[in-house]
Amino acid sequence: MASLRAQSEQCMVVVVDNHSADGTLAIARELADRVVVSGPERSAQRNAGARLASTPIVGFIDADMVLSPDVISQVAEVLLDPTGHHPVGVVVAERSIGEGFWAAVRAFERSFYLGSDSIEAARFFRREVFESIGGFDGSMPPGGEDWDLTQRARHVGAIARIQAFIDHDEGRPGYLELCRKKAYYAGGLQAYIARYGFGSIAMLDRPYVRRPWVIGRQGWSLGAGLLALKFGEAGAVCMSLLRSRWARR
């Protein structure tokens with residue numbers, strides 16, 4: 001919230017809270033322009049927030065993100081180009097920050113994704129485009145909604161990039177916590193693959209898969225941690241999908 005208020009270009013801040021029982025609402029009411037309580041999940045919440053924002057651009061920031069000061073100004077420059085040759089959406093590259101070994105591993109992993117159009121999803125859209133494609137698909141489970149929206153936006157026009165970054169604050173994660181988080185998104189991943197095909201998730205579009213020797217470029221401890229994390233996450237996703245399948249029987 002503070003990083004949004006510290007932007008070099010003023011923006012409207014809408015917070016959509018899913019019935020928090022902590023101090024979220026009190027903090028939001030101090031720093032946001034609009035605050036609303038809505039659910040059930042992030043796609044519906046984001047659509048609700050977009051409807052409340054009276055702006056030509058809509059963007060979606062998660063609670064664990066910190067924006068560098070020029071994100072909004074750079075997004076506006078691209079999407080509101082007075083020449084009319086503007087794209088429909090903008091990708092803002094993310095960097096991971098946090099404390100401890102596994103936060104460092106996550107930051108190492110994310111460093112491979114910078115500039116990858118097949119991995120990074122758009123976060124900002126021209127309002128008329130967002131509305132014309134129906135916003136976020138509420139039927140898509142968490143984990144595939146960002147990619148799905150970006151895919152549909154690409155059918156309308158180009159997706160651009162800016163130079164500013166968003167820092168994703170991982171806190172002090174543990175190995176099992178990261179694996180459980182990936183398992184939570186298994187349903188969204190499955191739904192996305194069912195809609196766009198297995199090739200759409202670009203699993204092989206990772207430098208550490210195509211050129212595995214690069215995992216040692218910042219020391220083998222991080223490389224070994226990355227391998228352990230990806231195997232653990234893959235196992236957690238498989239177990240989540242198997243449990244879901246058995247529950248439906």
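This is a predicted model: local features need pLDDT of at least 70, side-chain atom pairs count only at pLDDT 80 or more; totals for chains, interfaces and linings use all residues.
Biologist: Let's start with the aromatic side chains. How is a pair of aromatic rings described?

Modeller: A pair is described by the distance of the centres and the angle of the planes. Here, the structure holds ten aromatic pairs. One of them joins Phe130 and Phe136, with 6.0 Å centre to centre and 65 degrees between the planes. The pair is edge-to-face, because planes over 60 degrees apart count as such.

Biologist: Are phenylalanine 130 and phenylalanine 136 buried or exposed?

Modeller: Phenylalanine 130 has a relative accessible area of 5%, and phenylalanine 136 has 4% relative accessibility. Buried means under 20%, so phenylalanine 130 is buried, and so is phenylalanine 136.

Biologist: Which residues do ring pairs link into a cluster?

Modeller: Phe60, Phe125, Phe130 and Phe136 are linked that way. Phenylalanine 136 also has arginine 46 over its face, at 5.0 Å from the ring centre. Elsewhere, the charged end of arginine 95 sits over the ring of phenylalanine 165, 4.3 Å from its centre.

Biologist: Now the backbone. In what order do the three strands of the open sheet come?

Modeller: The order is E4-E9-E6, with mixed pairing. Strand E4 (65-67) and strand E6 (94-97) are the edges, each pairing on one side only. E4 pairs with strand E9 (residues 166-169) in the antiparallel sense over three bridges, and valine 66 stands opposite aspartate 167.

Biologist: Which residue has a positive phi although it is not a glycine?

Modeller: Histidine 19, at about 60 degrees. You will find histidine 19 in the loop between strand E1 (14-17) and helix H2 (24-31). Its relative accessibility is 58%, so histidine 19 counts as exposed.

Methods. Residues are numbered from 1 along each chain as its sequence is written. Side-chain values use heavy atoms; hydrogens and water are left out. Two strands pair if DSSP finds at least two bridges between them. Helices (H or I, at least four residues) and strands (E, at least two) are DSSP runs, numbered from the N terminus. Buried means under 20% relative accessible area, exposed over 50%, partly exposed in between (1.4 Å probe, protein chains only). Rings of Phe, Tyr and Trp (its six-membered ring) pair if their centres lie within 6.5 Å; planes under 30 degrees apart count as stacked, over 60 as edge-to-face and the rest as tilted. A charge sits over a ring if NZ of Lys or CZ of Arg is within 6 Å of the ring centre and within 35 degrees of the ring normal.
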